[in-house]
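Me: Please take a close look at a single part of this model and describe it in one connected answer.

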Amino acid sequence: MSPFFIPMAKEKTIFFCQECGFESAKWLGQCPGCRSWNSFVEEKVVKAAPGSKAVKKAGDRPKPVSINAIPLNDSKRTLTGIGELDRVLGGGLVDGSMTLIGGDPGIGKSTLLLQTCRNLAGAGKKVLYISGEESLYQIKMRAVRIGDISDNMELLCETDMEAIRNVIEHEKPDIAVIDSIQTMYCTAISSAPGSVSQVREATATLMQIAKGLGVSVFIVGHVTKDGSVAGPRVLEHMVDTVLYFEGDRHASYRVLRGVKNRFGSTDEIGVFEMRSDGLNEVLNPSEYMLSGRPMNVSGTIVSCSMEGTRPMLLEIQALVAKTSFGIPRRTSAGVDFNRVNLLLAVLEKRAHMDLSMYDAYINIAGGIKMNEPAVDLGIVLALASCYKDINIDAAAAAFGEVGLTGEIRAVKNAEQRIGELTKLGFRHVILPKANMTNIRKTDAINLHPVDNIGEAIKVIGSLKI
């Protein structure tokens with residue numbers, strides 16, 4: 001072999017799942033990771049040849065640092081001017097952080113970020129809004145709708161990551177917004193924008209910018225049909241914070257939910273209302289969710305769920321009707337379908353209710369989604385009251401986890417839930433007896449501790465309307 005021979009980079013082909021980023025050496029009809037059909041695409045992966053990297057000198061090698069020698073300073077946070085967003089972020093925006101916001105099309109992701117940029121620019125921060133989906137004129141039209149914006153906010157329509165990097169390094173903004181990551185592309189990769197390789201490389205470039213220059217970066221991500229962010233799963237691992245914007249496009253409310261947060265809690269949610277002038281904060285979600293509910297009827301009861309440090313009251317509605325088919329129908333909206341089936345089985349076995357010939361429908365009014373076990377007791381009581389045609393007092397509420405033997409198990413933050421119910425004028429609350437040891441009794445509300453679902457059903461029947 002000639003001493004001047006330079007080994008060429010090896011090129012091979014790998015198949016990626018466009019839904020979840022699963023890698024395979026060959027094409028597969030169904031992805032083993034997310035079970036999607038026909039989601040694999042072929043992409044070329046270039047690996048450097050052995051020996052092609054330059055060997056670093058001994059003085060250039062990185063040196064480890066003792067953990068005790070690292071100064072610990074509180075992360076500097078910047079308030080966005082939107083209280084609900086600051087709550088979900090953990091108290092504000094951390095300098096040099098990367099935040100990914102995902103959600104369905106038309107849910108209001110761009111509107112939320114544009115309002116955030118307006119507030120930050122008004123506070124003296126330099127903001128760069130980079131769009132790969134809309135023209136400058138379209139962004140301006142939306143900006144006029146939400147209000148006046150300071151000259152500190154600049155717009156750029158570009159999809160080339162090299163050009164974007166050069167602009168950010170030259171302009172040195174405090175905050176940069178990328179709308180959206182699926183439209184960005186790197187010229188060094190031959191695949192189309194939005195592919196697994198392009199999304200991964202574009203995110204890596206933005207992470208270098210955020211950490212190297214101290215720029216806080218917001219990334220907008222499209223979602224797949226199952227609600228997760230499209231592209232490789234590594235995208236969520238690379239960023240510091242992952243937020244999902246949820247809600248029905250045909251309803252006025254929106255919920256911003258934290259899924260990952262390196263600087264705060266992941267249990268917090270922010271509630272917004274979509275109006276003609278943009279998104280408005282809902283400071284009292286409980287009162288908002290309960291507005292317009294029916295009074296003193298069967299099949300409906302209020303329950304309390306904890307979202308981070310915030311108690312939220314929800315109206316749980318149930319409808320039980322004789323089926324017209326051989327197999328009864330079960331439908332749930334806003335709560336896990338399998339959980340509803342489990343609770344129906346508990347009612348049949350432990351409360352001796354013959355539900356095998358009845359259709360059962362469960363709905364959390366307002367379209368909000370809740371998965372906390374504390375709403376189990378509310379679901380059970382709503383189903384039982386509709387089946388037995390028991391009118392429930394509108395001033396009564398219930399919370400507690402239901403076990404397979406029909407027992408009512410304790411839940412966390414019971415006193416905080418009772419305080420929220422008291423504040424909104426409820427007079428009765430049905431709760432697990434196990435929670436009574438940590439609760440101070442008060443004359444403002446009547447507490448009805450129960451051990452099992454049989455006792456809870458008797459309580460709703462004994463309350464005078």
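Reply:

**The β13–β14 hairpin**

Strands β13 and β14 form a hairpin with two residues between them. Strands here are DSSP runs of E, at least two residues long, numbered from the N terminus (helices are H or I runs of at least four). This is a predicted model, in which local features need pLDDT of at least 70 and side-chain atom pairs count only at pLDDT 80 or more, while totals for chains, interfaces and linings use all residues. Residues are numbered from 1 along each chain as its sequence is written, and side-chain values use heavy atoms, with hydrogens and water left out.

One of the contacts joins M274 to its bridge partner in β14, L279.

β13 also pairs with β12 (residues 253-261), again in the antiparallel sense, over five bridges. There, R254 has F272 of β13 as its bridge partner.

As for solvent, β13 spans residues 269-275 and is mostly covered, with five of its seven residues buried. Buried means under 20% relative accessible area, exposed means over 50%, and partly exposed lies in between (1.4 Å probe, protein chains only).

No disulfide needs to be considered with these pairings, because the structure holds zero disulfides by the definition of a pair of cysteine sulfur atoms within 2.5 Å. The sulfur of C17, for example, is 3.6 Å from the closest cysteine sulfur, in C31, which is too far for a bond.

How values were computed
Two strands pair if DSSP finds at least two bridges between them.
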